[in-house]
Amino acid sequence: GLRTYATSKNDQPVAKFLGTKNSNGNYTVTFIEGDGIGPEISRSVKEIFSAAKVPIEWETVDVTPILKDGKTAIPDAAIQSVKKNYVALKGPLATPIGKGHVSLNLTLRRTFNLFANVRPCRSVPGYKTPYDNVDTVLIRENTEGEYSGIEHEVVDGVVQSIKLITRKASERVLRFGFQYAESIGKQHVRVVHKATIMKMSDGLFVSTARDVAKDFPQIEFDTELLDNTCLKMVTDPKVYQPMVLVMPNLYGDIVSDMCAGLIGGLGLTPSANIGDECSIFEAVHGSAPDIAGKDLANPTALLLSSMMMLQHMGLGAHADKITKAIMDTLAEGKSITGDLGGNATNSQYAQAIIAKL
Ligand code: NAD
């Protein structure tokens, strides 16, 4: 049930949370509110946490990019805050298309070596969609692949973009995938790839997966071609219920948005960026500039990301209580946001959740 959105079953996180309580008996958590709809959905999360008396204090930091040695960088105060607290909740950060600064999202992932991106996607009970049995968990390699950032113009009109796959990063995310599957009680790991075409790069990902699978004989392992996965996901998503899907970076990015579409859209899907020390929790969606500043955005995705964060921190009881209030509010359908067909504002929806705590 509710644990689908958890980082682990029984509050035993796969990646250990290293934070300690401050002198007030609370954990301090870094909050990056982000761009576009970021500040408004962040406000809802903060209000709900405060009404639910969650024992954490937010340390809100600014990540407006600075120039350091001619390169875009994240302000040092923000970096130090995440390092100190080991955990951050993050709103969406906009990235200029084509030109301009590099993605701060990528920079954060690289800075803290957030090697695995966990993206659960589950039907909301009571909210009608073509399928009512979607329950997928996708783990995306988060540091390389097509996102290596290595691109150059060979000659005028010819551009080369390097897809980088290493055994080291592949093994790390795959091992995490198997451990994660065990921790949430799924008995099957499936690796999604396109090694028929990218024989060497995806081939390395798949052969590494076969090696790692030997260390987890109790978990069923197989592979599937990406196009096949897409077809089956939109025709019979329940096939994927017993599994954790692990895939290279770009595929994970795209397939997870497709999964979001099956349950009601990007307003509902959370994620966790897991590293060895620090972890950053954020919605799958971006800054939604088309609806920003109008109090129309759905804060559920960021809220469910914060629930994954609470599970990771060992505060599972708080997560369960808030998750129940969220799910009850969505199922009731009286105070839901426009993306789900309702007419409540972000603030009204947050108040409806608070009333159910
Ligand atoms: P987007 O996810 O921001 O929006 C896509 C569509 O979904 C829009 O119609 C938007 O209104 C809707 N939507 C998204 N979140 C919603 C919510 N919470 N409630 C209701 N509707 C919601 O994608 P985009 O428009 O392609 O990207 C906008 C910016 O966000 C870009 O600069 C992009 O780089 C950035 N981005 C950031 C992240 C991140 O911070 N992790 C992720 C994706 C995109």
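The model is predicted: local features need pLDDT of at least 70, side-chain atom pairs count only at pLDDT 80 or more, and totals for chains, interfaces and linings use all residues. Residues are numbered from 1 along each chain as its sequence is written, and side-chain values use heavy atoms, with hydrogens and water left out.

**Exercise 1.** State which parts of the sequence the salt bridge of R140 and D253 ties together.

*Solution.* Step 1: the side chains of R140 and D253 meet at 3.8 Å, N to O. Step 2: R140 belongs to strand β7 (residues 135-141) and D253 to helix α7 (residues 249-263), so the bridge ties together parts 113 residues apart in sequence. Helices (H or I, at least four residues) and strands (E, at least two) are DSSP runs, numbered from the N terminus.

**Exercise 2.** Describe the interface of domain 1 and domain 2.

*Solution.* Step 1: domain 1 comprises 1-120 + 264-357, and domain 2 comprises 130-138 + 146-262; these bounds come from an automatic or database domain assignment. Step 2: the domain centres, taken over C-alpha atoms, are separated by 24 Å. The contact (heavy atoms within 4.5 Å) takes 21 residues from domain 1 and 22 residues from domain 2. Step 3: about 1,800 Å² is buried between the domains, with carbon and sulfur atoms giving 59%. Buried area is the accessible area (1.4 Å probe) that two parts lose on being put together, summed over both. Step 4: the count between the domains is 1 salt bridge.

**Exercise 3.** Classify the ring pair of F17 and Y27.

*Solution.* Step 1: the whole structure holds 7 aromatic pairs. Rings of Phe, Tyr and Trp (its six-membered ring) pair if their centres lie within 6.5 Å; planes under 30 degrees apart count as stacked, over 60 as edge-to-face and the rest as tilted. Step 2: the ring centres of F17 and Y27 are 5.3 Å apart and their planes stand at 70 degrees, so the pair is edge-to-face. Step 3: F17 is in the segment before β1 (27-32) and Y27 is in strand β1, 10 residues apart.

Key. A salt bridge is a side-chain nitrogen of Lys or Arg within 4 Å of a carboxyl oxygen of Asp or Glu.
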